[in-house]
Amino acid sequence: MSWIEDPGWREFRGLNLSNLKVDQAYVNVTSLLYSPLWLYTLSDECYKCPYSRLTSIPPRQGHILTIETKHRASWRLLLDGSREVIPRQNRSSVICELEPSVGEFGVYDLVISGTESGDVLCSMTTAKEPVNIYLPLLVCLLGLALIWLICTLVSSGIRKWLRHRNRIIEPTSGSQSASFSDGKVSSQQQTTQKRRLKCLDTFRGIAIVLMIFVNDGAGGYWFLEHATWNGLQLADLLFPWFMWIMGVCIPISVKSQLKRNVPRHTMFFGAFRRGCILFLLGLVLNSSWGPKLQNLRLFGVLQRFGIVYFFVATLSIFLTCRTYRTPKVPLVAATQDILVLLPQWIVMAGVVAGHCALTFYLIVPDCPKGYLGPGGVQDNGQFRGCIGGATGYLDRQILGESHIYKRPTAREVYGSGPFDPEGIVGCLLSVFQVFLGVQAGTTLSFYRDWKGRVTRWIIWGTVAGVLAGVLCLASKEEGWIPVNKNLWSLSFVLATSCFAFYLLAVCYLLTDVRGWWSGAPFFYPGMNATIMYVGHSVAFRMFPWHWSLQTMNTHFILLVESLWGTGLWIFVAVWLYHIKFFLSL
């Protein structure tokens with residue numbers, strides 16, 4: 001923080017600013033009234049919530065408050081503080097309302113006074129300007145861009161030097177010339193073979209690197225974290241992208257094995273084995289806080305990977321034709337990548353319909369039918385135990401409340417109870433998400449022309465995006481089916497798949513078509529994504545990936561620590577690539 005402000009930033013009017021945490025500020029409240037007051041607040045993130053009591057304000061004296069600045073909030077000053085919460089419609093005993101604009105490490109003065117007419121006047125001024133929390137992000141982004149530029153120039157220089165050196169060495173001996181000639185023939189033969197597409201590993205690497213960065217704290221920036229309930233932020237994109245790209249690779253793998261005449265039952269047992277390994281790995285990671293079986297979380301990220309991979313891979317194994325003749329009718333040929341998946345599309349329609357039936361028609365005790373909210377204090381607490389509606393209810397009934405996630409994103413804002421964002425019901429639409437990746441991979445297999453591939457991916461992305469917009473009515477809270485990562489809602493699946501189609505098209509153009517980008521540094525973690533995920537989960541609190549220095553209460557130091565840990569895992573991935581170590585489950 002000291003690099004942003006003057007050297008005397010630690011002290012201001014006797015207030016020790018270093019005691020503040022990230023996204024906090026001081027408010028000096030002075031009440032000139034003769035009766036005590038009560039301050040109630042309502043965060044903009046809390047949809048349809050009541051005002052919550054924050055603190056009391058003594059009469060005729062100053063009072064220092066530490067407030068959160070992460071999200072905008074509305075304040076109400078009341079004469080009566082007997083209730084913990086008050087509905088926003090209830091304005092009795094309200095003497096003052098404010099919508100303060102506050103920022104991190106700012107200091108503000110709130111003066112409450114009476115007028116001659118008997119009214120109450122609330123005046124809030126800025127005593128010390130807040131810091132610019134976006135400046136560290138800009139500096140780090142410019143620094144990363146500079147590092148990338150230097151590495152690119154150095155790598156390009158080394159390649160040019162090696163080519164120049166080879167041209168000098170080539171004519172020195174006949175045997176060497178013959179050997180070089182043999183190598184040249186081999187190289188030409190290799191170019192006729194199918195090469196591994198860099199875009200797939202680059203895409204996967206982008207997902208896992210950003211996932212590590214977000215899990216490492218993302219510098220404490222709220223917009224890089226998961227949405228509180230409804231909505232879509234950076235962290236919400238990464239898990240679905242990871243699963244989606246897994247789906248892209250499934251038809252490529254199945255087609256390759258069918259060409260090698262691998263029996264379908266062998267492929268099935270291979271998929272079953274991989275699904276079980278992923279599920280067990282997830283259980284192991286869930287026990288990292290202590291293997292207490294009475295409250296061990298049963299589901300999680302890798303568990304969902306294992307389940308949906310097994311289901312979608314099984315469909316592809318048994319519903320993919322071993323041979324396929326290209327149709328002569330132009331319209332049919334243009335849509336053959338869809339027609340060949342028609343049986344699987346029918347299954348997916350059943351999966352989506354089944355999920356919608358459970359979500360909107362299952363009767364949940366003490367909850368309205370089709371409820372999609374976070375429960376807690378929303379709607380003045382009348383549906384407090386209804387978090388996630390049918391989705392949360394089924395998970396609690398099947399898994400037990402002690403075996404699901406205890407700290408959902410809605411807990412801090414809404415005061416909600418346990419809810420598992422990777423629970424059982426969400427697996428249904430995760431299957432559909434992975435299948436949309438299968439559709440993209442099938443397009444990759446059926447069309448050799450890059451324009452045909454990219455055009456179809458863009459069309460698919462646009463269709464998915466439009467459908468998502470229709471379902472959520474292009475609104476965060478008011479749509480028929482809001483975009484919600486916790487519920488893994490249908491609009492969420494379509495919205496994240498929309499961006500996935502677009503991102504794959506961009507990666508494919510840059511890495512495999514034009515060759516303007518090698519995929520670095522994301523390509524390397526993408527080659528060993530499982531090791532990256534498991535490794536960073538195990539080393540979450542270990543040095544050198546993570547460390548603490550004094551108070552760690554600024555976005556800058558948190559961002560440096562997050563980037564440092566993420567960079568070390570990229571370094572590990574590069575090292576694994578160069579020693580030719582690739583983990584395949």
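This is a predicted model: local features need pLDDT of at least 70, side-chain atom pairs count only at pLDDT 80 or more; totals for chains, interfaces and linings use all residues.
Residues are numbered from 1 along each chain as its sequence is written, and side-chain values use heavy atoms, with hydrogens and water left out.

**Exercise 1. Find where the model's confidence is lowest and where it is highest.**

Step 1: Start with the overall score. pLDDT (the predictor's confidence in each residue, from 0 to 100) has a mean of 88 for the protein, and 94% of the residues reach 70 or more.

Step 2: Go to the elements. Helices (H or I, at least four residues) and strands (E, at least two) are DSSP runs, numbered from the N terminus. Helix α2 (residues 174–192) has the lowest confidence, at a mean of 36, and helix α14 (residues 490–513) the highest, at 97.

Step 3: Look at the stretches under 50. Residues 1–7 stay under that value and have 14 contacts (heavy atoms within 4.5 Å) beyond four places in sequence. Residues 172–193 also stay under 50, with three such contacts.

**Exercise 2. Work out how many disulfides the structure has, and in what pattern.**

Step 1: Count them. A disulfide is taken as a pair of cysteine sulfur atoms within 2.5 Å, and a search of the whole structure finds three.

Step 2: Take Cys-46 and Cys-49. Their sulfur atoms sit 2.0 Å apart. The torsion about the S-S bond is about -75°, so this disulfide is left-handed. Cys-46 is buried (under 20% relative accessible area; exposed is over 50%, partly exposed in between, with a 1.4 Å probe and protein chains only) at 6%, and Cys-49 is buried at 2%.

Step 3: Move on to Cys-96 and Cys-122, with sulfur atoms 2.0 Å apart. This pair links distant parts of the chain: Cys-96 is in strand β9 (residues 94–98) and Cys-122 in strand β11 (residues 120–128), 26 residues apart. Cys-96 is buried at 10%, and Cys-122 is buried at 14%.

Step 4: Finish with Cys-367 and Cys-386, joined at an S to S distance of 1.9 Å. With a torsion of about -95°, the disulfide is left-handed. Both cysteines lie in the loop between α9 (342–361) and α10 (389–399), so the pair ties together parts that are 19 residues apart in sequence. Cys-367 and Cys-386 are both buried.

Step 5: Count the bonded cysteines along the chain, and the pattern reads 1-2, 3-4, 5-6.

**Exercise 3. Check which cysteine sulfur is nearest to Cys-427, and which to Cys-498.**

Step 1: Cys-427 is in no disulfide, and its nearest cysteine sulfur belongs to Cys-276, 14 Å away. Cys-427 is buried, at 7% relative accessibility.

Step 2: Cys-498 is in no disulfide either; for this residue the nearest cysteine sulfur is that of Cys-472, 11 Å away. Cys-498 is buried at 8%.

**Exercise 4. Describe how helix α12 packs on helix α13.**

Step 1: Get the geometry. Helix α12 (residues 426–446) and helix α13 (residues 450–472) pack at about 160°, with axes 9 Å apart. Axes here are lines fitted to C-alpha atoms, for helices over the stretch in contact, and angles run from 0 to 180 degrees between N-to-C directions.

Step 2: Name the arrangement. α12 is roughly antiparallel to α13 (over 145 degrees; under 35 is roughly parallel, 65 to 115 roughly perpendicular, the rest oblique).

Step 3: List the residues in touch. α12 contributes Gln-439, Ala-440, Thr-443 and Leu-444, while α13 contributes Arg-453, Arg-456, Trp-457 and Trp-460.
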